[in-house]
Amino acid sequence: MHGTERFTAAVHQWLLGMFSPGAAHIAEMVLTGLAYLAFFAVAGLALVYLERRIAAFFQVRLGPNRVGPFGLLQTVADALKLVAKEPIGTKKADHFLYSLAPYFLIISSLMAISVIPMGAGFSAFDIDVGVFFLIAVSSVGVLGILIAGWGSYNKYSLIGALRSGAQMISYELSVGLSLLTMILLVGSLRFSDVVQAQSDYWLIFKGHIPAFIAFVIFIISGTAESNRTPFDLVEAESELGAGFHSEYSGIQFAFFFLSEFINMFIISAVAATVFLGGWMPFHIGDLEGFNHIMDYIPGPVWFFIKTGFIIFLMMWFRWTFPRLRIDQLMKLEWKYLLPLNLLNILLMAFFVWKGWYL
Amino acid sequence: MRTGTLFDPIEQDLHTDEYKINMGPQHPATHGVLRLILTIDGEVIKNVEPDLGYIHRSIEKICERDNYRQIVHLTDRMDYLSSHINNEAVCLLIENALEIEVSDRVKVIRTILDELTRISSHLLWWGVMGMDVGALTTFMYGFREREMINDIFENTCGARLTMNYNVPGGLMWDIYSGFVRDTKAFLKHFKPKLKEYNDLLTDNIIFRKRTEGIGVLSKESAIAYGVTGPTMRGSGVSCDIRKLFPYSAYDRVEFEEIFMQGGDTFDRYLVRMKEMEQSIHIIEQLIDNIPEGETLEKTRAVIKLPKGEFYQRVETARGELGVYVISDGKKSPYRMKFRSPGFSNLSVINEIAVGHKIGDFVAIISTLDLVIPDIDR
Amino acid sequence: MGYFSDIIHGFKTLLTGMKVTGKYFFNARKEIITQQYPDNRDTLTFPERFRGRVDMPHNENNEHRCTGCQACEIACPNGSIEIIWDRVLNPETGKKKKAIEKHIYHLSMCTMCNLCIVACPTDAIVMTHEFELAAYDRSDLTFVLNKPGSKLMAGVEE
């Protein structure tokens with residue numbers, strides 16, 4: 001039994017001791033919800049800070065370093081400023097849709113984050129169609145972008161939103177198919193089973209060649225899913241100003257901004273869970289001593305290290321590559337990623353059939 | 001609909017149409033207050049209409065008021081990225097009109113600073129070009145090297161951008177004592193960085209795909225529109241004033257005029273990248289043997305040009321800058337006209353941008369290397 | 001096989017680019033080029049020829065070198081220098097001589113072109129290294145360069 005499981009069990013017992021079973025259940029749900037909301041805010045702010053800091057180091061400058069030690073409170077200050085600001089919209093905007101759009105994004109990312117296990121038994125709900133649920137829910141976010149682009153009555157926003165629609169729908173395929181490749185190896189869509197299957201070797205090592213190809217495809221299409229450079233056509237600063245959120249300000253803008261970073265976190269977390277073993281420690285075959293030392297590091301730490309690594313990789317992409325054009329984006333998906341992905345699934349199926357995996 | 005024709009509700013309610021968007025006057029891609037009215041069908045550009053005048057300061061008219069010494073500093077504010085070259089154009093014109101022969105020292109120093117200006121301008125362009133296609137890091141790298149050049153300028157004449165170092169008859173001061181040392185240090189620092197730039201952007205597959213075959217400017221239309229500078233040489237037309245009408249010390253250095261044949265965005269990009277190498281080559285030839293001599297020839301306190309018309313052309317980082325003066329023998333010109341490279345280069349935009357997407361359009365205006373105050377003056 | 005070699009070539013170029021930025025990231029400590037400006041205000045160094053705002057140096061006896069010849073006023077392209085002068089009786093020689101009352105400098109119109117400094121025959125005005133020139137009020141941008149009660153340094157006019 002892992003530490004995190006003991007922790008959740010202890011909380012469960014404590015609540016049962018205090019309330020009737022029904023009330024305890026409700027209290028648990030409320031607590032989980034609050035914990036996720038808190039995590040959402042903290043992770044979002046931390047990621048914004050990290051992004052700015054890392055970007056600065058790539059660009060031979062210092063980045064925010066004034067507010068708080070090492071500028072750690074800079075993003076908090078920025079968030080407070082955005083919250084305090086007056087939302088300035090456009091007069092001709094479709095006000096209902098305009099105000100609705102940010103919530104689509106933020107709720108879809110909140111729901112997606114809930115199925116990812118951050119430690120043993122450390123996810124809000126561990127359903128048996130977890131991977132499927134995640135793909136389904138994260139594609140709701142694009143509706144928010146489309147609505148924002150349509151509702152704000154701005155041509156630049158509309159162009160950005162339409163680009164986003166085309167982009168998200170295409171790259172959803174690659175994300176789904178590359179995850180499917182790994183599911184072939186595991187045989188279950190439940191995230192906890194996916195992690196459990198990696199207790200001896202991480203899936204990227206287990207499935208070697210096809211798993212690595214799937215990993216690369218997942219990182220590429222995941223970057224596209226989270227609208228980051230080189231796939232940031234949705235915002236495309238030098239082309240469209242700010243794209244779909246040109247007309248947003250104040251807290252609504254903050255929602256877009258945060259959900260963008262949370263999406264990046266989700267993509268990285270999924271990559272870490274499916275390919276790099278989630279909260280499973282790093283083990284090498286029969287090296288008992290080494291494996292034992294690795295086991296001492298708690299699961300959540302492993303999870304965040306792995307997620308952080310993928311996030312860093314995505315930031316590295318962002319601060320190195322130029323942006324693609326919309327037709328090239330489509331070409332990359334439909335002419336390269338998708339065929340390769342389908343071939344890769346066949347390859348993986350063949351490997352699984354023959355038992356050619358670790 | 002009682003006319004007997006078939007009524008198509010989809011055609012009636014959901015017809016597609018072209019629409020117009022304003023790119024600028026405030027837009028990150030126009031690098032200033034240029035307004036481009038784009039007619040767009042979906043993402044494809046159907047027509048581009050530049051709208052100028054947002055930063056018009058009537059420099060030409062002010063020149064008619066000022067005396068010849070004062071005119072020089074106004075040209076700083078036209079193409080602010082090649083201010084030294086602009087200053088030199090006016091000074092050369094005055095010197096030619098008054099038949100003043102400046103010393104070799106002045107010529108060589110002017111040429112070195114010209115080339116440093118060119119590198120600095122191209123560096124800024126390179127950084128911004130990267131930024132326009134989405135690679136934000138190039139901007140800081142370009143500026144890092146540019147900073148060294150700016151420091152040299154600052155030590156030479158006290159200003160980083162609006163130099164005003166040339167005066168009619170020579171230079172405002174002699175170069176500072178560490179000029180040769182600093183310039184050499186810069187060259188040593190800069191040469192390996194060029195390779196880095198190529199690794200980072202030029203060879204990048206995304207950048208290649210974004211620029212190759214985009215915005216093709218044919219030789220014929222380049223000539224017809226009066227395009228000059230690297231933009232023209234990207235289409236394979238020789239137009240380098242430094243080669244065709246050498247001024248200052250350009251007749252004594254050997255360098256290549258860079259040509260590309262394709263005329264697309266990538267070719268224009270490559271011309272500028274290679275021009276930086278040629279500029280290094282020119283500076284290396286001159287920096288070790290700056291001749292001794294006077295840095296300022298004696299001129300009258302009040303300069304009066306003889307009656308007549310005068311024209312002087314120089315090669316700025318953007319193309320041919322022409323200075324045209326009609327003098328009536330007074331202390332300020334009767335009419336002064338600047339033929340600025342940016343204006344002619346911009347005029348070709350409708351020719352090369354139509355049929356491309358918005359993303360490409362940004363790359364295309366970036367390789368035209370527009371400086372808006374140069375266009376509006 | 002152009003399809004697959006394209007992919008491999010593409011990846012190679014992308015990795016080269018990442019190598020460049022990665023090199024800077026992992027050497028971030030050494031390579032920083034930006035300055036932390038308001039903090040390093042005390043240690044800022046300026047080139048000798050730096051062009052800040054125009055000023056008129058005075059010696060310890062509150063004397064300046066300006067004879068009021070107005071060369072700077074004529075040389076200035078923007079009219080940022082205005083000299084108010086008068087003929088003052090010199091008690092020693094008994095002659096009336098030109099002397100400045102106010103040397104007015106409008107910073108708001110100045111372009112730091114250095115032409116006035118070059119034009120001055122007596123080196124009365126210089127470019128200072130002062131560069132933080134913003135002000136809240138336009139009237140703060142007009143300076144009287146000669147200090148009150150100052151007079152011409154002896155021996156400048158010869």
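Modeller: In this predicted model, A:Asn227 sits in the loop that joins helix H10 (208–225) to H11 of chain A.

Biologist: Why is A:Asn227 called buried?

Modeller: A residue is buried if 20 or more other C-beta atoms lie within 10 Å of its own. A:Asn227 has 26 other C-beta atoms within 10 Å, and therefore A:Asn227 is buried.

Biologist: What is the phi of A:Asn227?

Modeller: Phi of A:Asn227 is near 55°, which is positive although the residue is not glycine. Most residues other than glycine have a negative phi.

Biologist: How many residues of chain A and of chain B are in contact?

Modeller: The contact involves 24 residues of chain A and 26 residues of chain B. To count as a contact, two residues must have their C-beta atoms within 7 Å. On the side of chain A that touches chain B, 10 residues are nonpolar, 6 polar and 8 charged.

Biologist: What gives the most to the side of chain B that touches chain C?

Modeller: Between these chains, 20 residues of chain B are in contact with 20 residues of chain C. H6(B) gives the most to that side of chain B, with 6 residues.

Technical notes:
Residues are numbered from 1 along each chain as its sequence is written. Chains are lettered from A and ligands numbered from 1 in the order in which they are written. This is a predicted model: local features need pLDDT of at least 70, side-chain atom pairs count only at pLDDT 80 or more; totals for chains, interfaces and linings use all residues. Ala, Val, Leu, Ile, Met, Phe, Trp, Tyr, Cys and Pro count as nonpolar, Asp, Glu, Lys and Arg as charged, and the others, Gly among them, as polar. Helices (H or I, at least four residues) and strands (E, at least two) are DSSP runs, numbered from the N terminus. A residue is buried if 20 or more other C-beta atoms lie within 10 Å of its own, exposed if 12 or fewer, and partly exposed in between; C-beta atoms are placed from the backbone.
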